[in-house]
Amino acid sequence: MNFDFRQQPIKISSAVLAVFLGLLIGAGFILCTGNNPITVYGFMFEGAFGSTASVASTLRWTTPLLYAGLAAAIAFRGGMFNFGIEGQLYVGAFSAAIAGVYFKGMPGVIHILLCFAAAMAAGCLWGVVPALIRVKLGGNEAIPAMMMNYVAMYLCDYLTQTFFLPEDTFGQTMATELIADHTKLPKIIPPYTVTYGFVIAVILVILAHFGLKYTKAGFQISMTGMNSEFSRYGGIDVNKIRFRAMLLSGMTAGLCGAVEVMGITWRYESGFSPDFGIEGILSSLLGGNEPFGLLLGALFMGAMKAGSLVVERSAEVPRALAEVIKAFIICFVSARYLSACMGLDRIADKVRSVICRQTKEGGGRAHDQ
């Protein structure tokens, strides 16, 4: 049976309530460890926003999630489930590193654009197989895409070890040589590792918002994801749109890998990604698969990552707790029948109506006085 992903609009109130429930369940786990939830969450907030270094750490972890999340959102909006983002960003990172190391004697801007182009082409290419399986064979694209993640990681490691491993690197991390200095992305908050990759990601999110909302191609992608049968009756070539959405998603994922190489590691390293692909998918779901919603979703996930690192050092609570909290939040947000089963929308509407009524009554009494 084929998997047909359809857009499930998420209200802001439902997302906020899901975050609250996730934090509430996380507080229960913290109590089980013998710690005070208020203290732990205080450390987490301080680690995410308490200083310039904390904000820089949050933005550093937010950056790859914006690229990976945008890749997921584009696929979702086209009715495709791109579970291969991790593999696509790996081949993108490898291609960007090779272009940055071996294409020498080029002007800085041209060389940077070449690295980006190589990464996008590799990510696009890695999305072809699952896309063809879906549109030509009528199969499920999610499983082949996920399996190709492992092919990508091991293939990049093999090529690095066999052909691109520098001399005298025994006992060190399997990695290529460093890319050229002029291809390294500048930092926007020196000396912290927040580069112009973050700025580029925000620009891409803004362009994606206007492209999906105000262009013909964006409308076709959105309509295909919302209702493929209706789109066919309306004259849209659904398979072509799905194929293009998957390739565009792969290009964005490849760009994620390039930004990591050019801004953080400065070379391709084996295992450089701590599941950015999955984290990006979660960020997209948390943001309702909307570009501007993704900004908030990725920022929240980045803050959780940065805060959890401080919590582990300060409160001796394992950083895996943050992963548990994120998992519960995404379960609440993405469950298809969440509103029907738990009545989140009704609860949120009642809370909103009570607040509005109390505000009006308070304003009326103040006016009478």
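**The whole model**

Begin with the entire protein displayed as a cartoon; the model is a predicted one. The secondary structure consists of 16 helices and zero strands. Switch to a surface view: the accessible surface is about 18000 Å², and carbon and sulfur atoms account for 66% of that area. Of the 369 residues, 50% count as buried. Contacts may also be considered by their separation in sequence. Among those between residues at least 6 apart, 76% join residues at least 24 apart.

**First stop: helix 4 and helix 7**

Select residues 85-102, which form helix 4, together with residues 142-164, which form helix 7. How do these two helices lie relative to each other, parallel or antiparallel? Their axes come within 7 Å and cross at roughly 25°. Angles under 35 degrees count as roughly parallel, and helix 4 and helix 7 are therefore roughly parallel to each other. The crossing is left-handed.

Now show the side chains at this contact. From helix 4, display Ile85, Glu86, Gly87, Tyr90, Val91, Phe94, Ile98 and Tyr102. On the helix 7 side, they meet Asn149, Ala152, Met153, Cys156, Leu159, Thr160 and Phe164. Sorted by class, the contact of helix 4 with helix 7 has eleven nonpolar residues, three polar ones and one charged one.

**Second stop: helix 2 and helix 13**

Next, select helix 2 (residues 37-49) and helix 13 (residues 291-314), whose axes come within 7 Å and cross at roughly 125°. That angle makes helix 2 oblique to helix 13. The crossing of this pair is right-handed.

Which residues make the contact? Helix 2 contributes Val40, Phe43, Met44, Gly47, Ala48 and Phe49. Helix 13 contributes Ala303, Met304, Ala306, Gly307, Ser308, Val310, Val311 and Ser314. By class, the contact of helix 2 with helix 13 contains ten nonpolar and four polar residues, with no charged residues.

Display its surroundings next. Apart from neighbours within four places in sequence, glutamate 260 is in contact with Arg60, Pro64, Thr265, Trp266, Phe272 and Phe276. To conclude, draw a C-alpha to C-alpha distance from glutamate 260 to proline 64: the two are 7.2 Å apart in space, although 196 residues apart in sequence.

Definitions and conventions:
Residues are numbered from 1 along each chain as its sequence is written. This is a predicted model: local features need pLDDT of at least 70, side-chain atom pairs count only at pLDDT 80 or more; totals for chains, interfaces and linings use all residues. Side-chain values use heavy atoms; hydrogens and water are left out. Axes are lines fitted to C-alpha atoms, for helices over the stretch in contact, and angles run from 0 to 180 degrees between N-to-C directions. Helices (H or I, at least four residues) and strands (E, at least two) are DSSP runs, numbered from the N terminus. Angles under 35 degrees count as roughly parallel, over 145 as roughly antiparallel, 65 to 115 as roughly perpendicular and the rest as oblique. A crossing is left-handed if the near helix is turned anticlockwise from the far one by less than a right angle, and right-handed if clockwise. Contact means heavy atoms within 4.5 Å. Ala, Val, Leu, Ile, Met, Phe, Trp, Tyr, Cys and Pro count as nonpolar, Asp, Glu, Lys and Arg as charged, and the others, Gly among them, as polar. Buried means under 20% relative accessible area, exposed over 50%, partly exposed in between (1.4 Å probe, protein chains only). Accessible areas come from the Shrake-Rupley method with a 1.4 Å probe; for residues, only the protein chains shown count as cover.
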